[in-house]
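Subject: A structure for you

Hi,

Here is the structure I promised to pass on.

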Amino acid sequence: MNIRHILMAAMISGSAMSAAAAEPAGYYSSCEGKAGKALLQQLESVVGPHTTVSYKGLLDLYKSSDARPDGTVWDMYSTKRFSFGNTCGNYKKVGDCYNREHSFPKSWFNDASPMYSEAFHIYPTDGKVNGQRSNYPYGECASGTTLPGSGSVKALGKLGRCTFPGYSGTVFEPDDEYKGDFARSYFYMCAAYNSRFGTWKSDMLAGNSYPGFTSWAINLLLKWHRQDPVSQKELDRQEAVYGRQRNRNPFIDHPDLAEHIWGDRQSQPWSASGIPDPELILPVAGSTVNIGTTVAGVARSAQVTVRGTALEAAVTLATSGQGFTVSPATISRSQAQAADGYVATVTYTGSQAGSFTGTLTLASGAISRSVTLTATVVDNLPAGPVTGLGDRSFAATWSYVGDADARGEYTLDVRHDGISLDGYPMSVKATDERFVVEDLEPLTSYTYIVRSAHLVSDEITVTTLAPQPLVELLFDGDLRFTSLVGEPSEAAELLMLVENIDTDITLSVAEPFELSSDKSTWTRTLVLDPEEDRFYLRMNSSSAGTFHGTIKVTAGEYTSDDADFEGTAVAAVKFHEDFEADAKGCGTYNGCTFRGNASTWNFTDAGIWSSDKANTGDQAVRLGKTATSSIEMIDDNPAGFGTVTVWTTQFGSDGESTYQLEYSADEGATWQSAGTGKVDSKTYTMQTFTVNCPGPSRIRIRQTAGKRFNLDDIEATAYTSSLVPDFAEDYHRWDAYARGGRLIIETAEPVTVRVYAIDGTEIYLGRVSGSAELSLPAALYIVAVDDFARRVLVK
């Protein structure tokens with residue numbers, strides 16, 4: 001090894017240590033010497049096995065994995081800085097709330113686990129933008145639509161027709177800052193789940209385990225991976241996820257792995273400690289840099305990022321083609337090898353109208369690469385192309401060529417049928433080169449021109465798009481269901497916001513979830529009129545387990561997957577602790593572990609004596625040697641707790657006592673009170689506490705005051721309620737829906753109900769307690785209680 005290799009190895013070793021300090025020693029050693037398909041397959045054995053984080057657990061993980069330095073959510077789909085806990089679902093605009101975005105859409109792998117809650121591809125993102133993205137592939141769309149912002153909050157990313165070579169379908173293009181993050185998430189999914197990757201379906205996937213992605217997708221992801229290198233955000237997130245899942249994203253630890261699997265080093269064996277060849281990474285060889293449009297005699301410039309690795313010499317830059325120049329002419333090795341590279345400026349100045357082509361050549365030692373430069377010169381003020389085209393807006397663009405007025409402004413005029421729109425012509429800042437024209441009509445043609453002090457642009461024609469169909473399912477918080485096997489859970493009500501759809505809407509869910517419009521007929525496919533705005537969801541499982549689901553929405557050509565939810569079905573096993581098991585070692589106040597018939601318990605200043613008066617059987621627990629006596633489950637009850645009933649009595653001649661019935665859903669880390677119990681009788685009396693804690697949980701009885709007392713028999717019911725939306729408690733005091741051609745009204749307490757025809761005519765006013773049925777003609781009605789209303793379509 002010559003002196004260059006020795007120094008290079010030392011530099012690489014130090015760099016790798018700083019970038020991936022927490023990578024376990026030898027973590028990727030089994031991948032050494034492999035390339036291409038063999039390397040990808042071996043990575044699965046390294047990073048595939050992991051500890052699954054629950055879907056609910058992702059929200060807790062985000063507090064460490066996706067937190068900005070100021071403690072807010074790091075959202076990659078908007079500029080909003082959400083507070084943790086501001087989760088969807090009820091949203092109407094950008095910045096309302098955040099949810100969990102499967103950047104690799106869950107419909108591609110049929111909602112299967114463990115991918116469904118895989119932290120390395122699920123990010124907290126703005127709910128409205130997440131809804132716009134739907135399950136479309138990532139891509140690039142030059143004229144895509146970005147959702148309108150809300151106040152100072154801006155949406156990030158855009159949806160539109162793909163303009164990246166090789167694909168022409170609808171895609172979502174994320175913000176440039178995060179394109180590399182998403183590319184490395186996709187590479188991770190192909191590596192961690194390589195053996196099943198070939199069965200997943202998407203226009204980005206090739207239907208095989210290698211290369212896994214279609215050609216256009218590989219080119220796109222490699223481009224993003226190269227142009228947006230690993231950031232400190234990704235490094236920090238890597239460690240947070242590793243702390244929970246116990247696996248890593250190899251493409252964050254070693255970005256060069258992507259080149260050895262899909263890139264230009266597929267034939268070269270990979271080594272974690274190897275010495276890379278000198279390489280110019282950016283700009284991409286053979287790419288084209290469009291400098292833009294200008295007028296004769298006015299320079300137009302564009303920026304080019306130059307980045308390399310293991311370079312042996314400075315980078316020299318030179319242009320060919322009349323009128324093209326570049327600055328600087330030399331970039332040092334350290335500048336080119338910085339994490340973000342170094343930005344050079346290419347400029348074109350022309351003397352006559354036309355389209356012109358040049359070449360930018362970069363060289364460092366023995367390596368070089370070239371990119372094509374293009375520029376256009378026109379005789380008038382350059383304007384266009386239109387960007388951000390939507391159904392009610394577009395962005396008018398132009399090129400700044402000087403010649404502005406004294407305030408640095410140009411004039412923009414927007415017309416329809418030759419007549420200027422209200423507010424136009426208007427002054428615009430010339431150097432902005434872009435202005436969003438809003439409040440337009442769908443499917444309507446407009447024109448615009450831009451004027452400087454002495455120049456005027458060509459007239460640009462633009463036609464707005466057709467209104468985009470949309471179905472949004474609205475609910476607050478998480479939808480989680482718990483029920484006993486063979487029994488349906490409680491039903492959750494979901495609201496449906498429909499825009500620009502005039503055909504029937506079909507909703508479908510997979511087993512064991514069910515849908516209904518009238519809470520009587522339950523099915524997995526439900527057809528609704530677009531005038532209907534609500535339906536019901538529940539779980540009804542014939543087997544125990546935890547299930548995930550989404551609602552597939554179809555209306556004509558419109559499809560989407562919405563409303564993530566989960567449910568747990570538990571076997572109907574009755575929880576009854578009678579404390580009749582072997583109590584050896586628990587006959588003192590010194591504390592013990594008691595293995596009961598329902599659970600294992602930890603006793604503190606408490607014990608079991610057969611000589612004490614029992615409620616049933618021969619043994620009873622005695623608490624009260626100190627005012628801090630307690631008995632605590634040390635195993636979780638997987639069915640959760642609905643109600644808990646406890647039997648207690650005073651011990652001997654001792655007086656009254658009090659205790660707390662507490663429960664924990666985090667393995668005893670924290671406890672919540674379900675109520676206070678009082679022991680004031682010389683005979684056994686029972687007290688029932690409402691716990692309502694879903695999922696694995698445990699209980700504790702902790703004395704708070706008084707003398708000794710006996711406890712014998714604890715019975716509990718499983719938690720069987722769904723967590724329904726609670727964005728307004730008053731809204732859920734009552735319900736209204738149609739069944740069998742009749743309007744059904746249900747109330748939890750007496751309320752005054754008004755029913756209106758769609759024209760506002762009041763057709764019913766009455767007090768309803770419990771339920772009421774109204775026979776009404778088939779039509780759409782508004783049912784109102786206080787300030788809340790529901791639409792009901794009677795068929």
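Below is what turned up, starting with a helix and ending with some salt bridges.

This is a predicted model, so local features need pLDDT of at least 70 and side-chain atom pairs count only at pLDDT 80 or more, while totals for chains, interfaces and linings use all residues. Residues are numbered from 1 along each chain as its sequence is written, and side-chain values use heavy atoms, leaving out hydrogens and water.

Helix α2 takes in residues 36-47 (helices are DSSP runs of H or I, at least four residues; strands are runs of E, at least two; both numbered from the N terminus). Its buried residues (under 20% relative accessible area, 1.4 Å probe, protein chains only; over 50% is exposed, in between partly exposed) are G36, L39, L40, L43, E44, V46 and V47. They pack against α5, α6, α9 and α10 (contact means heavy atoms within 4.5 Å).

One joins E472 and K128, at 2.7 Å from N to O. E472 sits in strand β21 and K128 in helix α4, so this pair ties together parts 344 residues apart in sequence. Both E472 and K128 are buried.

Cheers

Definitions and conventions. Expected span 1.5 Å × (residues − 1). Salt bridge = Lys/Arg side-chain N within 4 Å of Asp/Glu carboxyl O.
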